[in-house]
Amino acid sequence: MQIIYHGHSFVEIQSDQWTILIDPYITGNRMCDIKNTDHFRDTNLIGIIITHGHADHVWDAVAIAALHPQVTVISPGPVIKWLQTQGMTNPTHGPSIGGTVATDQYSVKLTPATHDGHVMNSGIYSQPAGVIVSIDGHKIYHAGDTWLTMDIQLVKEWWPIDVAFLPIGDYYTMGIQDAVIACGWIMPTTVVPIHYSPSGTIKADPIEFARLIMLNKFAVPKVLTAGQYVVL
Ligand code: NI
Ligand code: MN
């Protein structure tokens, strides 16, 4: 199984048979290795997971869902409601935070994330989420956008986490220092920094994050550029 990083918070889980997308962000994502949503037309997509309703997480979901009208879209309930106002007709699951959705192939648990919850500029408000995805005997934690919060300590209860994706860009989320603390709580096998860029508001140095993780022996850090992946 490959867990591919596509830049920002966009993660693609590719098992032997299936593909699941978390926070697909292509349009306007200058870190992304994929040119347009059409890239996913011929994939065996079985799930689109959206952590919260900001453009850099939710924006391309409508277009990708339209390519695969039978694929289930999973997100906090109010985000699902917004997607439907944008014309999305796919089957959906909109659990509350803490709830789990189980399909035949995988399960998704929504974990707490503390972050602004406005869904685009719709006036809809939704508690943002992180997710723990279980598939083929592996567990992947994607923190979504969150600042450092004690709730992240609970993720350890689902140990072992094979890969944790943690934001390090600060300003809207955890910065490097906070993400290192979070990683120490979770103790995943591998940690991948996300939600940062080489310049601008969320400028951060992923190598510095990796250095601190190694120094503390919290996990094996993997700094991925878009298109690179972790093998499980
Ligand atoms: Ni956000
Ligand atoms: Mn974001």
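Two strands pair if DSSP finds at least two bridges between them. Strands (E, at least two residues) and helices (H or I, at least four) are DSSP runs, numbered from the N terminus.

This is a predicted model: local features need pLDDT of at least 70, side-chain atom pairs count only at pLDDT 80 or more, and totals for chains, interfaces and linings use all residues. Residues are numbered from 1 along each chain as its sequence is written, chains are lettered from A and ligands numbered from 1 in the order in which they are written, and side-chain values use heavy atoms, with hydrogens and water left out.

**Stop 1**

Select S7 to S13. They form an open sheet of 7 strands in the order S7-S8-S9-S10-S11-S12-S13, with mixed pairing. Strand S7 (100-102) and strand S13 (220-221) are the edge strands, and each pairs on one side only.

Now pick S11 and strand S12 (residues 190-194). They run parallel, joined by 5 bridges. Show Leu 166: Pro 193 in S12 stands opposite.

Axes are lines fitted to C-alpha atoms, for helices over the stretch in contact, and angles run from 0 to 180 degrees between N-to-C directions. Contact means heavy atoms within 4.5 Å.

H4 lies across S10, S11 and S12, and runs at about 155 degrees to S11.

**Stop 1: strand S10**

Zoom in on S10. Here 4 of the 5 residues are buried, so S10 is largely enclosed by the rest of the structure. Buried means under 20% relative accessible area, exposed over 50%, and partly exposed in between (1.4 Å probe, protein chains only).

Look at one neighbour, S9. S9 and S10 pair in the antiparallel sense over 5 bridges. Ser 134 stands opposite Lys 139 in S10. The two strands form a hairpin with 2 residues between them. Select Asp 136 in the turn: its phi is positive, about 50 degrees.

Turn to S11. S10 and S11 run parallel and are joined by 3 bridges. Tyr 141 stands opposite Ala 164 in S11.

**Stop 2: the nickel ion**

Select ligand 1, the nickel ion. Its protein donors are His 52 (NE2), His 54 (ND1), His 115 (NE2) and Asp 145 (OD), lying 2.2 Å from the ion. Donors are N, O and S atoms within 2.8 Å of the metal (3.2 Å for Na, K and Ca); water is not among the atoms, so sites may look incomplete.

In sequence the nickel donors are spaced H-x1-H-x60-H-x29-D. The pair His 115 and Asp 145 links distant parts of the chain, 30 residues apart. His 115 sits in the loop between strand S8 (106-112) and strand S9 (129-135), Asp 145 in the loop between strand S10 (138-142) and strand S11 (163-167). His 115 is buried, at 10% relative accessible area. Asp 145 is buried as well, at 2%.

**Stop 3: the manganese ion**

Which residue coordinates both the manganese ion and the nickel ion? Asp 145 does, and the two ions are 3.1 Å apart.

Select ligand 2. The manganese ion is coordinated by Asp 56 (OD), His 57 (NE2), Asp 145 (OD) and His 195 (NE2), at 2.1 to 2.2 Å. The spacing in sequence is D-H-x87-D-x49-H. His 195 is buried, with a relative accessible area of 2%.

**Stop 4: the other sheet**

Select the strands in the order S6-S5-S4-S3-S2-S1-S14. These 7 strands form an open sheet of mixed pairing. Strand S6 (92-93) and strand S14 (229-231) stand at the edges with a single partner strand each, so one side of each has no neighbour in the sheet.

Pick strand S3 (residues 19-22) and strand S4 (residues 45-49). They pair in the parallel sense over 4 bridges. Ile 20 has Gly 47 in S4 as its bridge partner.

**Stop 5: helix H3**

Finish on helix H3 (residues 77-85). Val 79, Ile 80, Trp 82 and Leu 83 are buried. They cover an arc of only 160 degrees around the axis, which puts them on the same side of H3. The arc is that of the directions from the helix axis to the C-beta atoms. The buried residues of H3 pack against helix H1 (55-58), helix H2 (61-67), strand S5 (72-74) and S6. On the face turned away, find the exposed Lys 81 and Thr 85.
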